[in-house]
Amino acid sequence: MRTAWRILAFDVAPPLAAIAALTYIGIALAWPMWWVAVFSVLCVLIVEAVVVNVVLARRDGVTVGTDDDGPRLRLAVATSAMATLVAAVVVGYLNWSVSDRNLRDDTAEVVGIATEVSEASATFTPQSPTASIDKATAMMSPQSAESFKKEFASVAKDLAGRNISAQATTISAGVEAIGPAAASVAVIMHGTQNSPGNRPDTAVLALRVLLSKQDGRWLVDDVSPIHSR
Amino acid sequence: MAARVRPPGTLTRMPDDEPDDSDDATATSVYGIASAVVGVIAVAAVVLSALIWTQHRDDADELRYRTRAMQAAAEWTSVLINMNSDTVDANLAQLHEDTVGQLNADFDAAVKPYRELVQKLQSRTTGQVDSVAVEYVHHSQPGQGGQPPPAAGDLAEFASRTDTVMVVATSVSENAGRDKPQTVRWTLRLDVSDIDGKLMISRLEPIR
């Protein structure tokens, strides 16, 4: 019985565990060419070792697991299998757990930034004409901030001249698409314009906010209307 | 080793020939303990890798489900915004088939404005979906306390989950009686419910 356990623990389980761990690493890495090569070589070595163990067992009647004179080799076999399994855990954690968590965190962050920028871009107060523009451009990439400021400078001047104020509040926001370094967020807002002597003018605004991750920080690249016409 | 007195003529083993059992046993037990520790770490690694895989599979399934929900909402909206006066009945029947819950029960009332508009305009409408996204944040509009609930209570019995999808679309209606085409901008919130694996629309809310 003890012999059977030793064969199972040291002759059967380690090679199977090692091959399973190498396959797991391959799936986690999405089988890049270099890993296919490494995987093939390691699997051949493992199979070769198993074949040698079986041949020697038939000749000598003792295997790596049942050989009382070879505790070092047994420990080496167990350690190799364990190291492969630990490597699989590390690779799985980094490629799956960390990236999934980053995606969740990024989703929350880009939606927050997109709603703030969208609201700021549709908000205007004649008393402080640049306040909302400054707030929006603080979350933009330098190039986008520059073009945004230029685009809105004339509009802001016109609105300030006519003493028109505008406010926008987010109704709904959601991520259209997101990757590790780029995202597109749809924001639907309720906009209200107030001008002296007129009834408030309300409208539903739908904006698409494009963001990219630069130096670990999400920045807005573009804000544009979603409706095609 | 303790010296033992033996009778004359008895052969005594040379000290070098005697096996050092205690050293071997100690070494074996050290390797045995080390192997056991390695085994425990290996088992822990197997459990951890299984947990990581399960969690990742759940996350991937969630992303796939959201994509399906967005696709279902986009397809449903596409039919809604492409209705023509001669196809309105067939289109509405098709839309009705893919609804569930309160929207299904009150479908005629819910789509009445759209039906009347299409029939009144006698128009040829072509629409396109501009944006689809699963809603991540929603703020109720002030003064609209009477909004319908996110999911009808009766739906909870047979829908495994319900997600809200935002759809932004544009349609252009060319009316025979007018020269200028009329552009309609759609901003909709649709609830997409999973009914036994089939995704159906359970609520339609135009944002105004």
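# Contacts, pairings and cores

Visitor: What does A:M82 touch, leaving aside residues up to four places away in sequence?

Guide: A:M82 touches B:V38, B:I41, B:A42 and B:A45. Two residues are in contact if their C-beta atoms, placed from the backbone, lie within 7 Å. The model is predicted, local features need a pLDDT of at least 70, side-chain atom pairs count only at pLDDT 80 or more, and totals for chains, interfaces and linings use all residues. Residues are numbered from 1 along each chain as its sequence is written, while chains are lettered from A and ligands numbered from 1 in the order in which they are written.

Visitor: Why is A:M82 called buried?

Guide: A:M82 has 25 C-beta neighbours inside 10 Å. A residue is buried with 20 or more other C-beta atoms within 10 Å of its own, exposed with 12 or fewer, and partly exposed in between, the C-beta atoms being placed from the backbone. A:M82 therefore counts as buried.

Visitor: Where in chain A is A:M82 found?

Guide: A:M82 is in helix α3, residues 71-121. Helices (DSSP runs of H or I, at least four residues) and strands (runs of E, at least two) are numbered from the N terminus.

Visitor: What makes β1 and β2 of chain A a pair?

Guide: Strands pair if DSSP finds at least two bridges between them. Strand β1(A) (165-178) and strand β2(A) (182-194) have 12 bridges in the antiparallel sense, so they qualify under the rule of at least two bridges. A:T170 has A:M189 of β2(A) as its bridge partner, and a hairpin of 3 residues joins the two strands.

Visitor: How many bridges join β2(A) to β3(A)?

Guide: There are 12, and β2(A) runs antiparallel to β3(A), residues 201-214. A:V185 is bridged to A:V209 in β3(A). The hairpin here has 6 residues between the strands, and A:G197 in it takes a positive phi near 85°.

Visitor: Which strand of chain B is joined to β1(A)?

Guide: β1(B) is joined to β1(A) by 4 bridges, running antiparallel. A:S172 stands opposite B:H138 in β1(B).

Visitor: What makes a set of residues a nonpolar core?

Guide: Its members are buried Ala, Val, Leu, Ile, Met, Phe, Trp, Tyr and Cys residues joined through C-beta atoms within 7 Å. The largest core has 63 residues, and A:V185 and B:A73 are among those with the most contacts inside it. Helix α1 of chain B, residues 21-81, gives the most to this core, with 7 residues. Another core, of 21 residues, lies apart from it and includes A:M82 and A:F10.

Visitor: How many residues does each chain bring to the contact?

Guide: Chain B brings 40 residues and chain A brings 41. On the side of chain B that touches chain A, α1(B) gives the most, with 18 residues.

Visitor: How confident is the predictor in chain B?

Guide: On the pLDDT scale, the predictor's confidence in each residue from 0 to 100, chain B averages 82, and 78% of the residues score at least 70. Over residues 15-19 of chain B the pLDDT is below 50, and this stretch has 2 contacts in the model beyond near neighbours in sequence. For the complex, the predictor gives an ipTM of 0.85 and a pTM of 0.83.
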